[in-house]
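This note is meant for a colleague who is opening the structure for the first time. Please keep the sequence and the 3D view at hand while reading the numbered points.

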Amino acid sequence: RLCRGQDLSLTTLATRDLVGSRWGCSLAAIVYRDRYGNLMTGLSAEDHPGDGRLVAAGRRLRRVRTFCEVEAGEPFWYENALGLVEIAVNQGRADRMLGLGPGDPVTPPVPEVAGARHHV
């Protein structure tokens, strides 16, 4: 219709009416699993320190920038293209290794404290 010069009958849509517009600014859970087994959370990566450890399925995962910074088979978290915390495994599937999927909780990354002992 646009190419023919016809009216598109566009309607203004309020932002509050868009699906997902009421999503809180942070959701400490898996919200999506991609076809490679990577697990996207509802956490904004910019809200968490670079050295913070995310806890998922009882494991403490470190943050890296690229997959090649960890050994094959090692789980980690990184900032994805949407700016969210995403869990992955170098040359593997995070969903299978950790047994997680959409709806499962995670503990947001917290900075490492020198000399602290962790029980997770």
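**Notes on the predicted model**

1. Gln91 is exposed, with a relative accessible area of 71%, where exposed means over 50% relative accessible area, buried under 20% and partly exposed in between, with a 1.4 Å probe and protein chains only. Gln91 lies in the loop between S6 and H1, and although Gln91 is not a glycine, its phi is positive, at about 60°. Most residues other than glycine have a negative phi.

2. Residues are numbered from 1 along each chain as its sequence is written, and side-chain values use heavy atoms, with hydrogens and water left out.

3. The chain has one helix and seven strands, and from the N terminus on these elements follow the order β-β-β-β-β-β-α-β. Helices (H or I, at least four residues) and strands (E, at least two) are DSSP runs, numbered from the N terminus. Of the 120 residues in the chain, 33% are buried.

4. Which side chain makes a polar contact with the side chain of Asn80? The partner is Glu86, at 2.7 Å, a polar contact being a pair of N or O atoms within 3.5 Å where, within protein, one must be able to donate a hydrogen and the other to accept it, and residues adjacent in sequence count only if both atoms are side-chain atoms. Asn80 is found in the loop between S5 and S6, yet Asn80 is buried, with a relative accessible area of 9%. Leaving aside neighbours within four places in sequence, Asn80 is in contact (heavy atoms within 4.5 Å) with Met40 and Glu86.

5. A second open sheet has three strands in the order S4-S3-S7, again with antiparallel pairing. Here the edge strands are S4 (59-61) and S7 (107-110), each pairing on one side only. S3 and S4 pair in the antiparallel sense over three bridges, and Ala56 stands opposite Arg59 in S4. In the loop between S3 and S4 lies Ala57, which has a positive phi of about 55° although it is not a glycine; at 43% relative accessibility, Ala57 counts as partly exposed.

6. The largest nonpolar core has 15 residues, of which Leu54, Ala56, Leu61, Ile87 and Val106 touch the most other members; such a core is a set of buried Ala, Val, Leu, Ile, Met, Phe, Trp, Tyr and Cys residues joined through side-chain atoms within 4.5 Å. S2, S3 (53-56), S6 and H1 (94-98) each supply at least two residues of this core, and S6 gives the most, with three. Leaving aside neighbours within four places in sequence, the contacts of Ile87 include Ile30, Leu54, Phe76, Leu98 and Val106. A second, separate core of five residues includes Val64, Val70, Phe76 and Tyr78.

7. The count of disulfides (pairs of cysteine sulfur atoms within 2.5 Å) comes to zero. Cys3 is exposed, with a relative accessible area of 84%, and Cys68 is exposed as well, at 68%.

Key. Predicted model: local features only at pLDDT ≥ 70, side-chain atom pairs only at ≥ 80, totals over all residues. Pairing = 2+ DSSP bridges.
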